[in-house]
Number of protein chains: 2
Amino acid sequence: MSAKPGESGDAYRILDRTSLPAYLAEIPAVSDLLGPGAELDIQEIGDGNLNFVYRVSNSSDSSKSVIVKQAVPFLRMAGEDWPLARDRMRFEIRALSTQGELVPNLVPKIYHADEEMSTVVMQCLDDHIILRIGMIEGVRYPLVAEHIGHFMAETLFKTSAWSMGSIERRELMNQYTLNTDLCKLTEDFIFTFPYMVHESNYSNPATDQWAKENIHTDYEYKRDVLIFKELFVAKTEALLHGDLHSGSIMVNQTESYVIDPEFAFFGPISFDVGKVIANFLLCCTSHYHRSGGAEYRQWLLDQIPVIWNTFESRFLALWEQAGESTMLANGLLSDDEQSRFRSEFMMNVLRDAAGFAACSMARRTIGIAGVADIRDIEDLEIRSKLEIFNLKFSKRLMAQRKTLKTFDDLASLIHDNYSTPVL
Amino acid sequence: MSAKPGESGDAYRILDRTSLPAYLAEIPAVSDLLGPGAELDIQEIGDGNLNFVYRVSNSSDSSKSVIVKQAVPFLRMAGEDWPLARDRMRFEIRALSTQGELVPNLVPKIYHADEEMSTVVMQCLDDHIILRIGMIEGVRYPLVAEHIGHFMAETLFKTSAWSMGSIERRELMNQYTLNTDLCKLTEDFIFTFPYMVHESNYSNPATDQWAKENIHTDYEYKRDVLIFKELFVAKTEALLHGDLHSGSIMVNQTESYVIDPEFAFFGPISFDVGKVIANFLLCCTSHYHRSGGAEYRQWLLDQIPVIWNTFESRFLALWEQAGESTMLANGLLSDDEQSRFRSEFMMNVLRDAAGFAACSMARRTIGIAGVADIRDIEDLEIRSKLEIFNLKFSKRLMAQRKTLKTFDDLASLIHDNYSTPVL
């Protein structure tokens, strides 16, 4: 496979187990880390939707290891016929570097970035697993919710116009405007195809029937999805991770790392917030059937207020410390008025996060990229009951989002929904 | 004055009457137009806020003429101490070219564009005058409202995500992200300083007192201004003219030309719409004192529905013809649903346009760059009555914008306001 026409990279080639050792040997920092001249173990990991991800380690000392991630010029999960500019790796590298400055303890270290090869070599998180996998297995991570809240507050506030100057902010934004292919992917797969008949959609007979009767014909719901699509397309509020779900977070009992920011772009703050909340809800739904039972479901739901409260309080604290910004000049609002303005702002983030969570729940249920939490359930009838439960809640969240006044209102809505028997 | 540090342009120099002839003589297309070797008449024109604008003509045949516009690396109206990247001319040239493709009869022809000199040489509109000047004098232009509506519909719809593909749209947006200085100027002078005590503001004692009591202390109003500032800063909906007021339109009885798109950037559609409406209202206020009287005030008010209706019907027609777009995939909404969605969309544009009109009326009244319509009135007490009338209507528009359901609601609000005696 050669590079996509229009991409320069003459030197670009897709790396594999055979070619990786020679490639890595030429990078002194990486070679030193793995042990110069060492025999290497190479293992392909990752979900394989978009990229190749390898864990490479010293055969005689597995603790000497790195992750190699390479973008290929097509959508891997759809096949080579679906081109996707490997340019996206450039944006991932930029985002990892910006986030690395803002929250160094919550993102992996980069050892080597190679834009021509669309490849990054980074810290291997051997002591961590993907949060989604841990949550499917019913494992509790006491700090992950706080870490996620902190990650969002720092990265979103500090790249927003409430923190950055107008000009420096547009200059940062300019580094991400051309992350076009992945934005288009989100527009199609989160905000369009799941709500209509489309060949890319997942299929499960009872769920399909329900969607046909309750999604495809519900104007208000589809209209609201389009309103959130507009927000996604045209609200350049802050530098988003852009794909912040439980598959993009690696955890253990004490640490969390947010990975894979290749979807990074300037978008609405509430998109990251809503997506992460939706993924806790989706997992909670799955535990009606999984081994975790009521107690683990409760643990999952309990994480949502921790995520929100950490995010909100840290965001507000940063805002209070920020002093004058282009958006809020000294002397425009009194201290009391500022505090009132901030509360109203956070309420709007919450409402929009509920809307984005509604979109995420629906698309992860009936769109192409379902979550393993639900899709791994083999019994199609049970799975369908859980899917319809998700879709019903998506509609309820969407319809009621504008009535939310505080986070407690959202918490009640979630509590009501997850108190009902499902299976 | 040398170029601003960081701007390359070694060849850049500020042109003046003395150096202009030699500069133009070296451009064959322009030299041919003016008559090779001809003696030239050079006249400085324009409002002088930002740039130098010259009319250059053949001394023996004044019909052979061009306009030369050059950006200087500071804010002219504030002096050389206020730096302003002359980069802005690059964005003006791009916007003139995009708009020239979309509405060739409504923008001036470009004869020569010189990015290094931040200079453009373009069609001289000798048979036209600045709309603001004509309206101050009480002249009626039977077609200008239609032309403005048409200009906005074509340029705004066709650069929106309802028309363009996601990827080509981000590529176009990328050409404007760095028009940073002029965006910052709007953020400061339209959305910030006028609503607080600021050295840049205009001063007229009775108006100052009213603003102190009714603007500086009105949280809801200032909050709403901030909401519109957020929209301006972070809603990248379409390629705006960015400064569409009666000073940016040249007219006669049959033609209109929209000039000066140096503020062009991706922003909210409603910003252009609201600004243009505000400028008709401001002029209408001024005619309580000017010679036009009640009949001319009525003519001015009558233009607003023509602008809106032309804009709306053309925008909707383009939308219906556009077929499938990234934003509205075939099969997502039925025909009836699409038509309902479009109506709701236009209602939101109207509401936001009312909010932006409110901001424009206030800033043009108490901010640094007042309109000549009002500022040229010499009697400070009369002027102040008109200013307070504008500010009151700004507040009313802002407060009531969310109740607007159709354009007629806005028309009634305007009619009520302008039916009361003012002086």
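To compare two copies of a chain, the copies are superposed by least squares on the C-alpha atoms of residues with pLDDT of at least 70 in both. With that in hand, the two chains of this predicted model can be laid over one another. A rotation of 180° takes chain A onto chain B, with 0.0 Å of shift along the axis and an RMSD of 0.0 Å. Where does chain A come closest to the rotation axis? The residue to look for is A:Lys235, whose C-alpha sits 2.4 Å from the axis. As for the contact itself, both copies use the same surface, and 100% of the contact residues of chain A turn up again in chain B.

Now for the inside of chain A. Strands of a sheet pair through backbone hydrogen bonds, and they can do so in a parallel or an antiparallel way. In chain A, five strands make up an open sheet with antiparallel pairing, in the order β1-β2-β3-β5-β4. The edges belong to β1 (40–45) and β4 (110–114) of chain A; each has a single partner strand, so one side of each has no neighbour in the sheet. From one strand to the next, the twist averages 20°.

Zooming in on one pair, β2 (residues 51–58) and β3 (residues 61–71) of chain A run antiparallel and are joined by eight bridges. Across this pair, A:Phe52 stands opposite A:Gln70 in β3(A). The sheet also has a helix packed on it: α3 (residues 88–102) of chain A, which touches β3, β4 and β5 (119–123) of chain A. The direction of helix α3 makes about 30° with that of β5(A).

Definitions and conventions:
Residues are numbered from 1 along each chain as its sequence is written. Chains are lettered from A and ligands numbered from 1 in the order in which they are written. This is a predicted model: local features need pLDDT of at least 70, side-chain atom pairs count only at pLDDT 80 or more; totals for chains, interfaces and linings use all residues. Two strands pair if DSSP finds at least two bridges between them. Helices (H or I, at least four residues) and strands (E, at least two) are DSSP runs, numbered from the N terminus. Axes are lines fitted to C-alpha atoms, for helices over the stretch in contact, and angles run from 0 to 180 degrees between N-to-C directions. Two residues are in contact if their C-beta atoms, placed from the backbone, lie within 7 Å.
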